[in-house]
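Hi everyone, thanks for coming. Please have a look at the sequence and the structure on the screen, and then I'll walk you through a few places in it.

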Amino acid sequence: MELEPRLREILEDVRRRQGRVVVLTGAGVSAESGIPTFRGREGYWVVGSRNYMPQEMATREMFLVAPDEVWRWYLYRFGVVRDAQPNAGHRALVNLERALGDRFTLVTQNIDGLHRRAGSSEERTYCIHGDAAWVRCHYECGVGRLPLPDLWRRGTRDPLAPEERERLTCPRCKGWLRPHVLWFDECYDEENYRFDSTVKAATEADLLLVVGTSGATNLPMRVGQICYSRGAAMVDVNPEENPFSELAERADRGFFARGSACDRLPAIAAALGA
């Protein structure tokens with residue numbers, strides 16, 4: 001897609017400055033890879049005769065009460081993620097990172113790992129909501145981060161088999177392993193979710209490029225507010241208006257690039273030097 005003159009002007013200015021670029025991605029960048037939106041109607045889970053929504057299932061409180069159900073819910077979704085493939089939006093950001101090097105930081109809300117599988121580097125990618133590829137001990141016994149066991153693809157009604165329970169047991173303390181994800185009733189931290197690193201990146205950004213997020217969680221909106229208050233350039237890529245598009249349209253060097261990640265990101269990355 002051809003860039004609008006105002007958008008091209010903003011991007012070329014950032015390129016001339018050799019400014020730092022922070023990219024913030026949400027579910028929209030993976031939607032074109034076939035991954036359903038986490039909070040949508042497809043996110044509910046049936047336990048007995050009751051429907052539970054993601055805000056209830058994806059919690060530490062629920063894991064304490066029904067770890068089997070929480071794991072069944074996640075393993076079904078992790079199976080969907082495992083079959084998905086990176087798209088043109090993911091690949092455009094890989095190209096941009098290769099062009100900018102240490103002037104590039106990717107902050108993603110997505111746990112699907114598609115940025116990593118597309119080629120984004122671990123050291124410049126901050127997974128602020130975790131990564132489905134990993135597990136850790138629920139009881140924080142010190143075992144560290146472990147790869148998600150290679151369990152078979154499952155349907156929504158499949159119970160946990162005894163051998164699956166065994167593989168979801170901490171090898172050190174024999175308690176439950178948990179998904180390496182940020183639950184709704186937990187707080188961001190640096191060790192697991194790169195909170196401090198993300199805030200620091202926002203304070204140094206010359207451009208904040210937001211892709212496919214509606215700003216429904218705290219840290220992404222904090223990143224947007226920091227960049228806006230500093231006068232950084234802001235570009236929001238999204239099919240729909242959202243809090244980030246409003247910030248971008250109010251910013252002196254801002255633009256709302258309406259459209260999908262696959263349609264928009266290749267040209268944006270190229271204008272920045274990729």
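Let me begin with a term: a pocket is an open set of grid points with protein on both sides within 12 Å along at least five of seven lines, and its lining residues have an atom within 4 Å of a point. Please keep in mind that this is a predicted model.

Which residues lie nearest the centre of the second largest pocket? They are Glu122, Thr125, Cys127, Asp131 and Arg145, out of a lining of 21 residues. Helix H7 (114-118), strand S5 (125-127), strand S6 (130-137) and helix H9 (190-193) each give two or more residues to that lining. The space in this pocket comes to about 380 Å³. Sorted by class, its lining holds 9 polar, 7 charged and 5 nonpolar residues.

Rolling a probe the size of a water molecule over the atoms shows where empty space is left. Here the count is 1 cavity of 30 Å³ or more. The largest cavity holds about 70 Å³ of space. Around it you can find Leu75, Phe78, Gly79, Arg82, Leu148, Leu151, Trp152, Arg153 and Arg154. That lining divides into 5 nonpolar, 3 charged and 1 polar residues.

Most residues other than glycine have a negative phi. Gln18 is not a glycine, yet its phi is positive, about 55°. Is Gln18 buried or exposed? Its relative accessibility is 55%, so Gln18 counts as exposed.

Lys174 also has a positive phi without being a glycine, with a value near 70°. You'll find Lys174 in the loop between helix H8 (162-167) and strand S8 (177-181). Lys174 is exposed because its relative accessible area is 60%, and the cut-off for exposed is over 50%.

Strand S8 brings us to Leu177. Leu177 has a relative accessible area of 3%, so it is buried. What does Leu177 touch, leaving out residues up to four places away in sequence? Its contacts include Phe63, Trp71, Val135, Leu146 and Arg167. Between Leu177 and Tyr139 there are 8.1 Å in space, C-alpha to C-alpha, although they are 38 residues apart in sequence.

My last stop is helix H6, residues 88-100. H6 has 13 residues, so at 1.5 Å a residue it should span 18 Å, which agrees with the 18 Å between its end C-alpha atoms. Among its buried residues are Gly89, His90, Leu93 and Glu97. The buried residues of H6 pack against S1, helix H2 (28-31), strand S4 (104-108), H7 and H13.

Key. Residues numbered from 1 in each chain as written. Predicted model: local features only at pLDDT ≥ 70, side-chain atom pairs only at ≥ 80, totals over all residues. Heavy atoms only, no water. 1 Å grid on protein atoms, 1.4 Å probe; cavity = no way out; pocket = protein on both sides within 12 Å on 5 of 7 lines; lining within 4 Å. Points joined across faces, edges and corners; volume = space filled by probe spheres on them. Nonpolar A, V, L, I, M, F, W, Y, C, P; charged D, E, K, R; others polar. Helix = DSSP H or I, 4+ residues; strand = E, 2+ residues; numbered from the N terminus. Buried < 20%, exposed > 50% of the residue type's maximum accessible area, 1.4 Å probe, protein only. Expected span 1.5 Å × (residues − 1). Contact = heavy atoms within 4.5 Å.
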